[in-house]
Amino acid sequence: MEFLILNDSYHIFGIGILSALIFLPLAGALIMFFIPGENASKLAALFITVLTAAISLPLYSRFDLGTAKFQFAEHVTWIPALNINYTLGIDGISLLLILMTTLLMPLCVLGSWKYITKRVKEFMICLLIMETSMLGVFMALDFVLFYVLWEAMLIPMYLLIAIWGGPRKTYASIKFFLYTLAGSVMLLVAIIALYLHNNYSFFIPEMMGQPYSSCFQFWVFLAFFLAFAIKVPMFPFHTWLPAAHVEAPTAGSVVLASVLLKMGTYGFLRFCLPITPEATFVFMPYVLWLSIAGILYGGFTALAQSDMKKLVAYSSVGHMGFVTLGIFVLNKQGIEGAILQMINHGVTTGALFLCVGMIYERTHSRELAMATGIGKYMPVFVTFLAFFSLSSLAFPGTNSFVGEFLILVGAFTKSKLIAAFAIPGAVLAAAYMLRMLQKIVWGGASNPDQSHLSDLSAREILTLAPLLLFVFWIGLAPAPFMDVMHVSVSHLLDQVNSAAPGPITVVQALIP
Amino acid sequence: MNLALFAPELFLLFGSLVLFLISLGKSNAKSARNATIFIALINVVICLSTMGQNGTLFYEAYQVDLFSQFFKVVISAGFAFVVLFGCDLKGINKDIRAEYYLFMMLSTLGLVMLVSCVELLAMFIALELSSFSLYLLVPMRDDRAGLKIQMESAIKYILFGVVATGIMLFGMSYLFGLTGSTYFVEMIPKLHQMYTMPVAIVAIAMFMGGFFFKLAVFPFHFWVPDVYQGASNETTAFIASIPKIAAVAMLIRVITLVSPSSDIIVTMLMILSVGSMFYGNLIALVQKDIKRLLGFSGIAHAGFVLIGLLTLKDSGYATAIYYIIGYLVMNMACFLVICKVSREGENVTIDDLSGLHQRAPLLALTLGVGMFALAGIPPFVGFMGKFMLLAGALKQGHLILVILAALNTAIAIYYYLSVVRVSYTTDPEDRPAVPVDGVTWAVSITLMIIIIAMGVLPSKIVDMATAAVNVITVMPGN
C-alpha cells in the first residue's frame, strides 16, 4: 500500500487536513441544530463554509506536483470484519474538484441569503451535510467509504429540492432520488464483486490495474457506467436533470450543477478507466457517440427554452457531453481538457444559476420574456451575466475556451469524424447563450416595465465576483490549474493503455 | 439446578404476577403502566448481567449460552422501547390496561424462553406462550369508530397462526420420526447424514414454517396487513418487531440442522426471499395506511434477512442478526411516531403526517431517519445491513439474487420517500401540533443515535453476533 500513497499527512487542529475538511461542515451542521434565529444560522453557515475553504487552500500549496501517488493520505481501520477502512487521499484529478467545492459553498450560502425565506436553519444544515459528503466522495480511497458518502448525499439534496423547490418539487425530487438510487445500487453490486475478486479488499488504488478477466471487466464496467452516466447525466439518462434543476432553489441548482454532476465524471476517471481498462476500450465508441448525442441534444433543446433555468440546465447536458467526450477519447489532451472543463462548468454554470436566481428574486419569474431589457436598469448585473455567458459558449480568453479547446484537440487526435460532430455543439452554445443575452440586455418588442428593478447589492457582487475572477484566471493563465493534473493523468493513461485489448466485440465480451 | 441461569425468565414471570395482582384492583391503569416500565427496564439490566452465563436446565431442554442471552437482551430492549413510547396506550380501554401489559409481558416471556430452547416440545410451548398472548392483545383494542376491525384481525391472526403451528408440529413429528429424538444435540448428527432425503427436507421446511409465519415471510405473510391494521398501534409495534427477532434466532437454530450444505433448502430459501422482497415492496407502493405500509415493508425485509440465512455460513447468520436488530430499531423509530401522531389510538394514514415537521420537528426527524434507514440509505443501519448481506450472498455466488435484491432497494425507496415527503414538504393545514414529552424525546434521540451508530460503527454488534452464532454452530454434533 505504501507504494500507492504518500504518507505525508498534514495536520490542522491536530487532525489530518482531509478529515478536517470532511468533518468541519458536519460538525457545523450539528452545532447549527442548537443555534436559534435565522440570521445567526446564515452567519454560522457562512463562517463554517469560509473556514472550510480557508483550510482547503494548503492542499494546493503543499501538493507535490511530481508524483501520481495519493497525497495527504489518512488511514484508520473502520470495520475490520469486512476489511473496510477509512482511507482518504487525493491526487491531481481530485485536487481541483475539492478546491472548487470548498470555494463554491460560501457562495451558495451567500446566494441563498435572501432567496431562502422559510426554514433557513434547516436549509443551511442541508447545505453543510452536502458539503461533507461531496468532499468525502472526492477523497475516499476505500470503496465502501466512497459509496456511503456517494449515497448519503442523496438525502440532503432530496430535501433541498423537496422542501425549498418550485411548484413541481415533489415530482422533481422523487425522480432525482429514484434515478440516482437505481443507478447506484448496481454500483454497489459491482463494488462487492470487485471486493471478492481482490482478496477481500476495498482499497481503491489496489483495485486499479489488476488482471481481471475480460468478461468480469465488462459487467463491472456496465454497472459503473449506469451509475455514473445517470449522475453526469449522459444522454439518454438525463431526464431527471432539467426537472431537478428547474425546481431546486438557487443554491441547490448550483451544488447540483457544479459539484454533483462532477461526481459522475469523476467516477469515470477514478474507476472505469483504471479498474476496467479493457472494457473502457471496447465500450469507448458507444460512449463517444452518446456524448455527441448529449452535446447536440443539449444544445438544440437549450435553444428552444423560454425558461432561463431550463436553458442553463439543458446547456449542462451539452457541456457534460463535452466532458465525457474528453474522458473517453483516452488521450492526454482530452482527459486534461475534461478535468479542466469539469471545473469550468462548475464555475460558469454555477454562476449562471446564481444570475438566474437573482433575476427570479426580483421579477419572480424565470421566463425569458419577463426579463427582457433589464440591462437598462441593471448594468452591473448584465456585465456579470455577459461574461459568464461568453464563458459558457467558450469564448477565447475565458475558462471554458481552454477546456473545450483541449477536448476538441483530443477528439481530433482520436477521430476526425467524432470531432466534426462535436463542433456544432460549440456553435449551438453560442446560439442559445447569445439569444438569452440579447433578450436580457436589449429586450424585445414587448418589454415589461423593469424600472422598479434594483441593481446588484454588495452581497450579490461579492457572490459573483470570485467566480468571474476564476473565469478569467483559468481563461488567461491556465497553467497553475493544469500543472497539478499532468502527472496523475499520465499515470492514468499508462494504466489504461497497458490493457489495450485484442479485437473483441461487445457481444463476445459479455458472454463468459 | 442453578436458578441464576433462569433469572430473566423468573423476573418476567414475577413481573407478570405483579401485573396480575394489579389487574385485580380498580382504576389500575397508572400503576400498571409504572410497574411495567419499571419491570421492563430492570429486565434489560438483568438480561445484560446474564450475558456471560452458560449452562443447561430442565433435563437439557433449555440451553443458556451467549447466543440465547444475546437475543434475550435484544428482545428485552425491544419490549422496553415499546412500553416506553407506547405508555399512553391511547388505543386500549383504561379498564383493561393492566391485563394488556400482562399479556404483552407474557408474550415477551415466551419469546425470551424460546431463544433458549433446544428441544422441540419446549420450543413449541415457548412459542405458543408467546403467540397466545399476542392473539389476546389484538382484540383488546378500544375501537371508538366501532368498525370492529380488531375482531376480524384477531380471528385471522389466530386462524392463520394455528395453521402455521399445525404445519410446524407436523414437521416436528417427522423430525422425531426420522431421528428418534426431540433434542437438537441428538438430531443434528443424524440429520447431517440424511439431509438429502426428501422426507428430511419436507420435515425441516415444515418446521421452519412456524417461524416463517412469525417473521412474515411470503407466502406465510397473509395475516400481516390486516393484523397490523386491526391491532392498536402499540400492539402492532410489538408484533412487528419483537417476535421477528426470536424468529430469526430460531431459524438460525433450525438451519444448523441442515448446514453445512443443502442445495434444496438454499433454493427454497432463495425462492421465499425473492418472493418476499418483490411481494412486500410492490404491494407497499400503493398503501395509504402507514401500519399496512410498514407491514408490507416488513415482508420485504424478511426476504432480506433470508439472504443472510441461505448463505449457510456463520458470517451470514451474524449479518442476518445484525440486520434484524437494525430492523427492530428502525421499526421502533417509525412506530414511535405513529403512536404519538395518532391522537386517540386511531390508525395513521400517510396524509395524517402532513406538515409533521411543523407540528413536531423531532418526530418528523425521527420518522425521516427511520424511513431512510429502512430504505437502506447510508449512513444508517439499514444500509450497512443490506451491504453485508449482499456481500455475503455474492461471496457464495448468488449473483442473480443479489441483483434482484438491489433492484428491490430501488423499488422500495419510492414509498419510504413518500412518507418523508409528506411529513417534510406539506402544510399541516388545520392539523394540531403533536405534544412531545420528555420520555418520547429521550426515546427518539436514543433510537436515532442507535440507528446512526450501528450504521457507522457496525463492528461491535457484528462481532457479538458472530460470537453468539459460533456458540451454536460448534454445538456438539455440529
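Me: What is a polar contact, and how many residue pairs make one across the interface of chain B and chain A?

Reply: A polar contact is a pair of N or O atoms within 3.5 Å; within protein, one must be able to donate a hydrogen and the other to accept it. This is a predicted model. Across the interface of chain B and chain A, the rule finds 4 residue pairs in polar contact, both residues at pLDDT 80 or more.

Me: Which helices of chain B supply the side that touches chain A?

Reply: Look at α15 (361–375), α16 (381–395), α17 (399–425) and α19 (459–473) of chain B. Each supplies at least two residues of that side. The largest share, 14 residues, comes from α17(B). By class, the side has 27 nonpolar, 4 polar and 3 charged residues.

Me: How many salt bridges does the rule find between chain B and chain A?

Reply: The count is 0.

Me: How do I read the size of an interface?

Reply: It is often given as the accessible area lost when the parts come together. Here chain B and chain A bury about 3,000 Å² between them. Of that area, 85% is on carbon and sulfur atoms. In residues, 34 of chain B are in contact with 33 of chain A.

Me: What do the buried residues of α19(B) pack against?

Reply: They pack against β3 (71–79) of chain A. In chain B, they pack against α3 (66–85), α10 (233–255), α13 (314–341), α16 and α18 (438–456). Among these buried residues are B:Ile461, B:Val462, B:Ala465 and B:Val469.

Me: What span does α19(B) reach, against the expected one?

Reply: Its 15 residues reach 20 Å from first C-alpha to last, close to the 21 Å expected at 1.5 Å a residue.

Note on methods:
Residues are numbered from 1 along each chain as its sequence is written. Chains are lettered from A and ligands numbered from 1 in the order in which they are written. This is a predicted model: local features need pLDDT of at least 70, side-chain atom pairs count only at pLDDT 80 or more; totals for chains, interfaces and linings use all residues. Side-chain values use heavy atoms; hydrogens and water are left out. Contact means heavy atoms within 4.5 Å. Buried area is the accessible area (1.4 Å probe) that two parts lose on being put together, summed over both. A salt bridge is a side-chain nitrogen of Lys or Arg within 4 Å of a carboxyl oxygen of Asp or Glu. A polar contact is a pair of N or O atoms within 3.5 Å; within protein, one must be able to donate a hydrogen and the other to accept it, and residues adjacent in sequence count only if both atoms are side-chain atoms. Helices (H or I, at least four residues) and strands (E, at least two) are DSSP runs, numbered from the N terminus. Ala, Val, Leu, Ile, Met, Phe, Trp, Tyr, Cys and Pro count as nonpolar, Asp, Glu, Lys and Arg as charged, and the others, Gly among them, as polar. The expected span of a helix is 1.5 Å times one less than its number of residues. Buried means under 20% relative accessible area, exposed over 50%, partly exposed in between (1.4 Å probe, protein chains only).
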